[in-house]
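Here is a short briefing on one protein model. Look over the sequence and structure, then read the points by topic.

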Amino acid sequence: MVLVGNHAPFTWGRTPELAVYNSAVLESLAQMAWLAEQLRKDTPRMKDSLIKKHFGRKHGPDSYYGQ
């Protein structure tokens, strides 16, 4: 899934059915994010170090999650 500014999102899948499923997942995630922001607009963004840690543990060169 890819979000592109001023454009519709892009989703892919190994099959057309998986691409549609991924689109539904993206829609759900966007809805949750929107609702969370409506509850508290002043919530700070997650620290970059935490974002990198969670991404890196699964996708980084020393990944250790989801093996």
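Buried means under 20% relative accessible area, exposed over 50%, and partly exposed in between (1.4 Å probe, protein chains only). This is a predicted model: local features need pLDDT of at least 70, side-chain atom pairs count only at pLDDT 80 or more, and totals for chains, interfaces and linings use all residues. Residues are numbered from 1 along each chain as its sequence is written, and side-chain values use heavy atoms, with hydrogens and water left out.

**Overall form**
- The protein has two helices and zero strands (DSSP runs: helices H or I, at least four residues; strands E, at least two; numbered from the N terminus).
- Its radius of gyration, taken over C-alpha atoms, is 15 Å, well over the 11 Å that the globule rule gives for 67 residues, so the protein is more spread out than a compact globule. That rule is 2.2 Å times the number of residues to the power 0.38.
- The C-alpha atoms fill a box of roughly 35 × 35 × 20 Å along the principal axes.
- Of the 67 residues, 4% count as buried.

**Salt bridges**
- The whole structure holds two salt bridges (a side-chain nitrogen of Lys or Arg within 4 Å of a carboxyl oxygen of Asp or Glu).
- Arg40 pairs with Asp42 at 2.8 Å, N to O. Arg40 is partly exposed at 49% relative accessibility, whereas Asp42 is exposed at 54%.
- Arg45 pairs with Asp48 at 3.4 Å, N to O. Arg45 is exposed at 65%; Asp48 is partly exposed at 45%.

**Before the helix**
- Val2 lies in the segment before α1 (16–39).
- Val2 is partly exposed, with a relative accessible area of 35%.
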